[in-house]
Amino acid sequence: MAYLWWLPVHKPTVARDYPEIASEGILRITTEYDQAGYYVDGDTIADFQYELAQAIANLSGLEVQIILEMNLQQSFGLLQQQQADIIARNIPVMSESKESYLFTDPIVFNRQILIQRTAEANQGISPIRNQLELAQKTIYIPKESPVAIRLQNLALEIGDTIHIEEEELYSSEQLIIMVARGEIDYAVTDFRTALTLHNHFPKIDIDTDVSFTQLQSWYYAKTLPSCSTAPTPG
């Protein structure tokens with residue numbers, strides 16, 4: 001069964017690998033509260049990340065504790081401090097991240113897209129369709145998001161500067177809302193999150209890709225190598 005914890009409840013004094021997790025009987029998963037991953041609808045807890053955590057709990061017999069953390073940087077901090085075992089969020093697998101973290105098998109295919117306003121919601125200004133038009137634009141992403149690497153590479157590809165603002169306080173979902181409200185002009189987030197919010201915020205345009213289709217997995221620490229052979233939903 002999966003349970004909700006708003007804050008970490010435990011700081012291990014020894015390195016946790018799957019045998020230690022199995023011995024304790026508790027797997028700690030940190031995720032964000034949003035409509036693409038985990039949210040409360042009346043008396044029901046949903047959605048994708050929670051349902052997958054439930055499947056892991058049922059398959060493994062472990063108690064799964066959900067730690068809600070909106071800040072991506074803080075989520076990585078929980079992993080590094082062994083206060084969480086897994087990060088369950090829509091994060092692309094980047095080659096640079098493999099130096100510091102391990103990954104589950106790919107869970108979904110996704111891609112990164114530009115969040116901007118429609119022409120009707122932006123004083124008639126047409127949305128960007130050519131990535132060359134991102135030159136000198138300021139794009140917001142969550143702090144520590146691997147998407148920063150993609151944007152840096154894209155700047156090299158177009159031969160101009162893309163100003164990247166890493167937000168410490170706001171998640172991808174919150175940045176989408178800020179674009180819709182006109183508080184910022186551009187953000188980059190994954191397509192699944194954007195599509196989930198598009199019906200609620202029709203002023204946003206989600207039709208411009210900034211990456212190819214990517215594999216997305218859950219992240220876990222290199223202190224947990226045995227997790228690659230742990231029971232997972234198939």
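How many bridges join strand S10 (residues 138-142) to strand S11 (residues 163-167), and do the two run parallel or antiparallel? In this predicted model, 5 bridges join S10 to S11, and the strands run parallel.

**Strands S10 and S11**

- Thr138 stands opposite His163, a residue of S11.
- Between S10 and S11 the chain passes through helix H4 (residues 147-158), and this β-α-β crossover is right-handed.

**Nonpolar cores**

- In soluble globular proteins, nonpolar side chains tend to be buried together.
- Here the largest nonpolar core has 27 residues. The residues with the most contacts inside this core are Leu27, Ile29, Val64, Ile66, Phe76, Trp218 and Tyr219.
- Elements that give two or more residues to this core include helix H1 (18-24), strand S2 (26-31), helix H2 (48-60) and strand S15 (219-221).
- The largest share of the core comes from H2, which supplies 5 residues.
- A second, separate core has 16 residues, among them Leu114, Ile128, Ile139 and Tyr186.
- Leaving aside neighbours within four places in sequence, Phe76 is in contact with Ile87, Ile91, Tyr101, Glu144 and Tyr219.

- Strand S12 (residues 187-190) is covered on both faces. Ala187 and Thr189 are buried on one side, and Val188 and Asp190 are buried on the other.
- Strand S9 (residues 112-117) is joined to S12 by 4 bridges, and the two strands run antiparallel.
- Ile113 has Thr189 as its bridge partner in S12.

**Helix H6**

- Asp190 caps the N-terminal end of helix H6, with a side-chain oxygen 3.2 Å from the backbone nitrogen of Arg192.
- Thr193, Ala194 and Leu197 are the buried residues of H6 (residues 191-198). Because they cover an arc of only 95° around the axis, they lie on the same side of H6.
- The cover over the buried residues of H6 includes S9, helix H5 (172-180), S12 and strand S13 (204-209).

**Asn71**

- Asn71 sits in the loop between strand S5 (63-68) and helix H3 (72-80).
- Asn71 counts as buried because its relative accessible area is 11%, below the 20% cut-off.
- A polar atom of the Asn71 side chain lies 2.9 Å from the backbone nitrogen of Gln74.
- Not counting residues up to four places away in sequence, Asn71 touches Arg89, Glu168 and Leu169.
- Asn71 and Glu32 are 39 residues apart in sequence, while their C-alpha atoms are 7.8 Å apart in space.

Methods:
Residues are numbered from 1 along each chain as its sequence is written. This is a predicted model: local features need pLDDT of at least 70, side-chain atom pairs count only at pLDDT 80 or more; totals for chains, interfaces and linings use all residues. Side-chain values use heavy atoms; hydrogens and water are left out. Buried means under 20% relative accessible area, exposed over 50%, partly exposed in between (1.4 Å probe, protein chains only). A polar contact is a pair of N or O atoms within 3.5 Å; within protein, one must be able to donate a hydrogen and the other to accept it, and residues adjacent in sequence count only if both atoms are side-chain atoms. Contact means heavy atoms within 4.5 Å. A nonpolar core is a set of buried Ala, Val, Leu, Ile, Met, Phe, Trp, Tyr and Cys residues joined through side-chain atoms within 4.5 Å. Two strands pair if DSSP finds at least two bridges between them. The arc is that of the directions from the helix axis to the C-beta atoms. A crossover is right-handed if, with the strands pointing away from the viewer, the path from the first strand over the helix to the second runs clockwise.
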